[in-house]
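User: Hey, I've just opened this one and could use a quick tour. Can you walk me through it?

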Amino acid sequence: MKHFMKYGFGCLVAIVSTMAMSSCEDDDEMSDLTAAVVPSSVELVLPEEVQQLVYKDEETGADVLPMLKGETVQLAYVLTPENVTFPDVVWTSTNPGVATVENGLVTAVEGNGLTSSVVQVAPEGVHSGSGIFANIRVVVSNTMVQAESIRIESESDELYASETLQLTAKILPENATYKTVSWSSSDEGIATVDENGLVTGVVNDDIQATVTITATSLDGSQVYGTKELTVNQMVEPEKVTIDQAYSVDNGYYCAIADKALTLEYTTVPAQCTTSLIEWTSSNEEIATVADGVVTFNQNGVFGDVTITASCPATGESSSVKLNLAAGLIRELFHNENNVTWGANTQYAASEYNWEEGYMAIVPNSASAKQRADFKALTSKTWLHAGNYPVVAVRMEDVRDRDEVTGCNINLDTSGSCDGNKYSGNVGGSNNKWAHDYKCSDGSHVFIYDLSTQNFATGGLLPTSSVAEFTTFQFKYADIATTNPSEKVIFNVYWVQTFKTVKDVQNYIEDVDGLTFEVIK
């Protein structure tokens, strides 16, 4: 006769038979035996009223259940597959001084809202080191800390019908016992919200409809927060018209340092879903486009590019022809998010302060002789002595101040063109600008002409090629002052290149609205 014993999770181990030979009857008995079914996973099941209290730990991502001292919660479990041979489990708590567990009944013992215990369930026999288990972290508080305020945050204040938007509730104080909220919508015909704050826009007859989403505390304090959202319906655009203000046909030229340009456009109907408009560029080496925002290359590729907007439903389209001009520099200090000129913080100036329409340059230190260079902040500056040979800067000249007895201004460079290197000061040495205009507001416009002025090294730039410079800056050095205890701060209003000196004069008068006198 053979004997069998149960081992682990139903693994069957045969005991060596005492008979030398087995009979046919023994073989039939063996064929009726089947292998034991072992569990492949275990899942914790929380009571429905407790599930809404569980939150994710921000650092570990673990599920956390907050409990009050003396509170009990009955947990259950589900083994997979359902027909496991031996369904017994083992419950454990890593810190019984905080929370105990017996047959799934968790009891909160004591805690300060930070102390915790991990409650785990695992199949009996393999719960240690098997990887088959489920757990939840229990945080115990001796007393309830109620919510005082709730703020709802999201990436946007609007969404389209059938789209979703995730909301997050920020509860104060941070040590509030319950970290979750109940969510509700003021009109589920406009938008619904689930237990995790995920809002879904609902298709309805209103092109734009507003709905209020509320997050309410779960601690009985009745504290809540609200957020108003706009739900837009998908409306096909029938016609689109791009504004031609930036068209090269109207005399506008784009500068590579602008990096991006936002096109203005109108649609029919006016309240259509603009994301359905298709945007294309005729030359993506020069510029790409998405949602009406044109992004220029930074690799020195220049020329014409046509941007087109199309309505898929009707086939209607509109285009604008842009020109990314080789050699055009235009820093007017009107875009704080894309400042292309500033102080040379690595060497000669400690800081620069951007203001709408100008930038204040601050010297590196207060002394009898100070220095404050400012430079192109882009990694490369592209020049073209044939297209835009005139380099001009409008700035304050500190020599106009009583306490300043002198200074030196240089246009300092380092670059190449057609395989040749060009560096040093334009004009060869200190204060070699081609022209100096003093404007009616007291500022000066210093003008350099790349078509007539040599670089200290390399001579004149070719007029038929694009030049690439890694250093392009104005050195404002040797600022001698009789008041060495104060830094000599000055403003720069713009840095630009022009086709002719006459264009500079027209800009001062027509755009800046100033008059000027010729100093040189």
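Predicted model: local features only at pLDDT ≥ 70, side-chain atom pairs only at ≥ 80, totals over all residues.

User: What is the volume of the largest pocket?
Analyst: The largest pocket has about 1600 Å³. On a 1 Å grid over the protein atoms alone, a pocket is an open set of points with protein on both sides within 12 Å along at least five of seven lines, while a cavity is a set where a 1.4 Å probe fits but cannot get out; lining residues have an atom within 4 Å of a point. Points are joined across faces, edges and corners, and a volume is the space filled by probe spheres set on them.

User: Which residues lie nearest its centre?
Analyst: Of the 45 residues lining the largest pocket, Val54, Tyr55, Lys56, Lys179 and Thr180 lie nearest its centre. Elements supplying at least two lining residues each include α2 (48–51), β5 (63–68) and β11 (112–123). Helices (H or I, at least four residues) and strands (E, at least two) are DSSP runs, numbered from the N terminus.

User: How does that lining split by class?
Analyst: The largest pocket's lining has 18 nonpolar, 15 polar and twelve charged residues. Ala, Val, Leu, Ile, Met, Phe, Trp, Tyr, Cys and Pro count as nonpolar, Asp, Glu, Lys and Arg as charged, and the others, Gly among them, as polar.

User: And the second largest pocket, how much space lies in there?
Analyst: About 390 Å³. Its lining has 15 residues, with Asp258, Ala260, Arg330, Asn335 and Asn338 closest to the centre. Strand β23 gives the largest share of that lining, three residues.

User: Switching topic: how many cavities of 30 Å³ or more are there?
Analyst: One, and about 120 Å³ of space lies in the largest cavity. Among the residues lining it are Ile256, Trp341 and Lys380. The lining divides into seven nonpolar, four polar and one charged.

User: How many bridges join β28 to β29?
Analyst: Eight, and β28 covers residues 303–310. Ile307 has Val320 in β29 as its bridge partner.

Technical notes
Residues numbered from 1 in each chain as written. Heavy atoms only, no water. Pairing = 2+ DSSP bridges.
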